[in-house]
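Colleague: I've got a protein model open and I'd like to learn how to read it. Could you walk me through a few features?

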Amino acid sequence: MAVLSVLTPALTVVLCLVVGLMLLKSWGKKTTTKSSGGSKEKISNRDSRPWVDQDLQDSSEISTKETEGDDWVDSYEEEDVAHVPYSPERYSEETMLKKSRDFYSLMNQRRSVRFISPEPVAREVIDNVIHTAGTAPSGAHTEPWTFVVVSDPEVKHQVRLIVEEEEEINYRQRMGDKWVQDLGKFRTSWTKEYLDVAPYLFLVFKQTYGILPNSKKKTHYYNEISVSISCGILLAALQNVGLVTVTSTPLNCGPRLRLLLKRPVNEKLLMLLPVGYPAADATVPDLSRKPLGDIVMHI
């Protein structure tokens with residue numbers, strides 16, 4: 001009995017360790033297997049989100065620790081921003097209703113168009129459209145965007161080669177069967193002929209931080225959200241002048257395209273837009289949008 005009384009605590013500890021190890025092993029299996037229809041499908045961290053763009057996996061924000069050092073500018077070194085009166089034109093309720101309806105009607109005609117005419121577009125129109133996109137709000141007014149406009153046929157072709165090479169890998173490996181099947185009804189593939197045909201390619205880069213004339217770095221807050229808002233305004237500006245595009249986020253093409261276009265390391269490719277007039281025989285999927293009641297909630 002004395003022996004048992006001594007061994008009992010030791011056995012209890014051993015049993016606890018064994019049970020703990022078994023639970024950990026069971027938990028590990030749950031996180032690396034996915035139950036589907038009674039069968040288990042092996043998945044890895046890489047496969048669980050295969051569409052993640054490796055170039056954009058860096059954090060959109062820069063940590064405080066990273067901004068320490070002589071190569072970063074301190075906010076107190078910048079001049080205070082003056083404030084000026086602001087009194088935009090105010091419309092009557094009747095005018096507001098008409099303008100809101102007209103703008104909705106214009107934007108409701110917007111479609112993603114993959115059949116683009118090679119017909120040239122006036123350079124000033126392109127510049128005005130991008131100038132409009134640059135009116136977007138941004139964190140601490142850092143304006144963390146760079147719009148690279150490509151019209152040179154050889155450079156456009158190089159862009160296409162890079163994109164198609166990566167897109168084929170995306171379709172065959174990274175995206176997974178479900179995503180490829182979901183895209184099938186839209187008749188898309190890794191072939192991007194419009195990258196050669198469109199008179200302009202817009203490559204939109206987010207600046208993860210700024211580089212000042214004195215070579216010091218400047219923190220860009222909410223850079224990805226800011227650039228995304230800018231892209232939304234850009235789409236509206238294109239629709240306003242009768243041009244079309246298809247939004248494209250070419251996965252894992254960023255580093256090579258950045259080198260091709262000689263962009264600095266603080267810039268990451270966020271979006272690629274072929275821009276031009278729609279081709280004479282252009283078609284788009286016959287889609288409907290969610291009704292207002294499905295996208296708004298008044299409280």
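Modeller: The term means a side-chain nitrogen of Lys or Arg within 4 Å of a carboxyl oxygen of Asp or Glu. Keep in mind that this is a predicted model. Here Glu 166 and Arg 256 make such a bridge, with their closest N and O atoms 3.9 Å apart. That pair links distant parts of the chain, since Glu 166 is in helix H5 and Arg 256 is in helix H9, 90 residues apart.

Colleague: Which of those two is buried and which is partly exposed?

Modeller: Buried means under 20% relative accessible area, exposed means over 50%, and partly exposed is in between. Glu 166 has 10% relative accessibility, so Glu 166 counts as buried. Arg 256 comes out at 34%, so Arg 256 is partly exposed.

Colleague: How many salt bridges are there by this rule?

Modeller: The count comes to nine. One of them joins the side chains of Asp 71 and Lys 217, at 3.8 Å from N to O. Asp 71 sits in the loop between helices H2 and H3, while Lys 217 belongs to strand S6, so this bridge ties together parts that are 146 residues apart in sequence. Asp 71 has 35% relative accessibility and is therefore partly exposed. Lys 217, at 24%, also counts as partly exposed.

Colleague: Okay, on to polar contacts. What does the side chain of His 220 lie 3.1 Å from?

Modeller: For a polar contact, look for a pair of N or O atoms within 3.5 Å. A polar atom of the His 220 side chain lies 3.1 Å from the backbone oxygen of Gln 207. His 220 is in the loop between strand S6 and helix H8, and its relative accessibility of 3% makes it buried.

Colleague: And how do I read a backbone angle like phi?

Modeller: Phi of His 141 is near 50°, a positive value in a residue other than glycine. You'll find His 141 in the loop between helix H4 and strand S3, and it counts as exposed at 58% relative accessibility. Ser 215 has a positive phi as well, near 75°. Ser 215 is in the loop between strands S5 and S6, and is exposed, with a relative accessible area of 56%.

Colleague: Which residues form a nonpolar patch on the surface?

Modeller: Tyr 221, Tyr 222, Ile 225 and Ile 229 do, with about 420 Å² of accessible area together. Among them, Ile 229 lies in helix H8 and counts as partly exposed at 38% relative accessibility.

Colleague: Last one: how many cavities of 30 Å³ or more are there?

Modeller: Picture a cavity as a set of points where a 1.4 Å probe fits but cannot get out. The count here is one cavity of 30 Å³ or more. About 50 Å³ of space lies in the largest cavity. Its lining includes Arg 110, Arg 111, Leu 235 and Leu 238.

Definitions and conventions:
Residues are numbered from 1 along each chain as its sequence is written. This is a predicted model: local features need pLDDT of at least 70, side-chain atom pairs count only at pLDDT 80 or more; totals for chains, interfaces and linings use all residues. Side-chain values use heavy atoms; hydrogens and water are left out. Patches are made of residues with over 30% relative accessible area and no salt bridge: like charges are joined within 9 Å, nonpolar side chains (Val, Leu, Ile, Met, Phe, Trp, Tyr) within 5 Å. Accessible areas come from the Shrake-Rupley method with a 1.4 Å probe; for residues, only the protein chains shown count as cover. Helices (H or I, at least four residues) and strands (E, at least two) are DSSP runs, numbered from the N terminus. Buried means under 20% relative accessible area, exposed over 50%, partly exposed in between (1.4 Å probe, protein chains only). A polar contact is a pair of N or O atoms within 3.5 Å; within protein, one must be able to donate a hydrogen and the other to accept it, and residues adjacent in sequence count only if both atoms are side-chain atoms. On a 1 Å grid over the protein atoms alone, a cavity is a set of points where a 1.4 Å probe fits but cannot get out, and a pocket is an open set with protein on both sides within 12 Å along at least five of seven lines; lining residues have an atom within 4 Å of a point. Grid points are joined across faces, edges and corners, and a volume is the space filled by probe spheres set on the points.
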